[in-house]
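Subject: Structure for you to look at, with notes

Dear colleague,

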Amino acid sequence: MKSALAAVLALALTAAAPAPPRIDGTRLVQDLKVLSADDMAGRYPGTPGSAKARAYVEQRFREVGLTTKEQPFTYTTKAGAEVPGVNVWGVVKGKKTPDRYIVVTAHYDHLGVKDGQIFNGADDNASGTAALFAMAKYFKAHRPDHSLVFVALDAEEGGARGAHAFVAGPPVPKDAIVLNVNLDMVARGDKGELYASGGYHNPGLVPVLERVAKTAPVTLKLGHDRPEQGQDDWTGQSDHMAFHEAGIPFVYFGVEDHPDYHRPTDDFEKVNPDWYVRSVQTITEAVMALDADDAAIRAAKAN
């Protein structure tokens with residue numbers, strides 16, 4: 001009798017547990033290949049390569065069911081040049097708290113062409129941009145509790161200019177943005193490790209991320225977010241910093257630097273497709289878990 005009851009309870013628990021996300025891995029890898037191809041010319045802001053990449057971003061957002069909008073801005077380089085940038089975003093409305101927003105970001109720009117060499121930026125950050133499409137498609141089919149704003153940011157390499165422009169003029173009320181999840185360099189599993197950074201600043205999110213790490217498809221580690229780590233503190237090293245400065249909690253997903261970082265050799269061929277798919281699967285699971293734990297998000301927002 002006890003064994004039969006245990007079997008029934010186990011079946012009930014299994015039925016109640018959320019199914020792990022299954023993203024479109026084949027299309028994810030194809031999107032990475034397209035965005036990091038030579039004809040994108042390194043995706044430097046204000047160039048034809050950037051415009052081509054942006055058109056692809058908008059096309060893919062529309063294909064997965066998002067209504068896309070652009071946020072143009074300009075910035076001045078250290079050399080005094082005025083450069084145009086354009087962020088692209090779309091929203092998946094939440095089913096429980098649609099007026100509270102998790103902003104998922106990845107920058108689509110890179111370093112362009114230098115001395116005749118194309119900096120394709122496959123890992124940095126075609127990988128994060130392609131992940132936006134896969135995640136948006138998943139969450140359109142499996143609606144989250146919070147609304148998710150998916151944003152392809154421009155001009156990160158020049159000082160997170162697109163992120164600062166977005167935070168300065170967000171398309172939703174700024175005080176309704178409860179969390180930023182930033183993806184920057186998520187394809188190169190050379191060490192087999194993906195990091196979730198930000199727990200030091202947002203300790204209420206740590207238990208959620210630790211639960212995800214226990215069963216994640218890749219080795220998920222927490223860290224790279226303490227001031228005493230110097231250059232190994234990633235808090236100010238990507239677009240999430242703009243949100244952090246505005247008092248918005250963040251989680252940043254990325255890998256440690258590799259030999260092809262900011263070199264013309266950061267190419268699609270250096271990526272292990274299987275690991276990349278599992279990396280994005282892990283990030284999707286983390287967003288699911290964070291979205292479902294409103295208490296953790298509220299605690300982080302209150303810090």
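In this predicted model, helix α4 (residues 122-141) packs with helix α8 (residues 273-292) at an angle of about 55 degrees, and the axes of the two helices lie 10 Å apart. The two helices are therefore oblique to each other, and their crossing is right-handed. On the α4 side the contact is made by Ala 126, Ser 127, Ala 130, Ala 131, Met 135, Tyr 138 and Phe 139, which meet Tyr 276, Val 280, Ile 283, Thr 284, Val 287 and Met 288 of α8. Sorted by class, the residues of this contact comprise 11 nonpolar and 2 polar ones, with no charged residue.

Helix α4 also has a contact with helix α2 (residues 25-35), where the two axes come within 8 Å and cross at roughly 135 degrees. That angle makes α2 oblique to α4, and the crossing of this pair is right-handed. From α2 the contact takes in Leu 28, Asp 31, Leu 32 and Leu 35, while α4 contributes Ala 122, Ala 126, Ser 127, Thr 129, Ala 130, Ala 131, Phe 133 and Ala 134. The contact of α2 with α4 has 9 nonpolar, 2 polar and 1 charged residues.

Turning to the sheet, 8 strands form an open arrangement in the order β1-β2-β6-β3-β7-β10-β8-β9, with mixed pairing. The edges are taken by β1 (69-76) and β9 (219-222), each of which has a single partner strand, so one side of each is left without a neighbour in the sheet. On average, and ignoring direction, neighbouring strands are turned by 25 degrees against each other. Helix α5 (residues 161-168) packs on this sheet and touches β1, β2 (82-92), β3, β6 and β7, its direction making about 120 degrees with that of β1. Helix α8 packs on the sheet as well, touching β3, β6, β7, β8 (193-197), β9 and β10 (250-254), and its direction makes about 30 degrees with that of β8.

Strand β3 (residues 97-107) may deserve a separate look, since 9 of its 11 residues are buried, so it is largely enclosed by the rest of the structure. With strand β6 (residues 146-153), β3 pairs in the parallel sense over 8 bridges, and in this pairing Ala 106 stands opposite Ala 152 of β6. With strand β7 (residues 177-183), β3 again pairs in the parallel sense, here over 5 bridges, and the bridge partner of Val 104 in β7 is Val 181.

Finally, a word on Val 277, which has its place in helix α8. Leaving aside residues up to four places away in sequence, Val 277 touches Ile 23, Gly 25, Leu 28 and Val 29. The C-alpha atoms of Val 277 and Val 218 are separated by 9.7 Å, although the two residues are 59 residues apart along the chain. Leu 28, one of the residues that Val 277 touches, is also among the α2 residues in the contact with α4.

With best wishes

How values were computed
Residues numbered from 1 in each chain as written. Predicted model: local features only at pLDDT ≥ 70, side-chain atom pairs only at ≥ 80, totals over all residues. Heavy atoms only, no water. Axes fitted to C-alpha atoms, helices over the stretch in contact; angles between N-to-C directions. Helix = DSSP H or I, 4+ residues; strand = E, 2+ residues; numbered from the N terminus. Parallel < 35°, antiparallel > 145°, perpendicular 65-115°, else oblique. Left-handed = near helix turned anticlockwise from the far one by under 90°. Contact = heavy atoms within 4.5 Å. Nonpolar A, V, L, I, M, F, W, Y, C, P; charged D, E, K, R; others polar. Buried < 20%, exposed > 50% of the residue type's maximum accessible area, 1.4 Å probe, protein only. Pairing = 2+ DSSP bridges.
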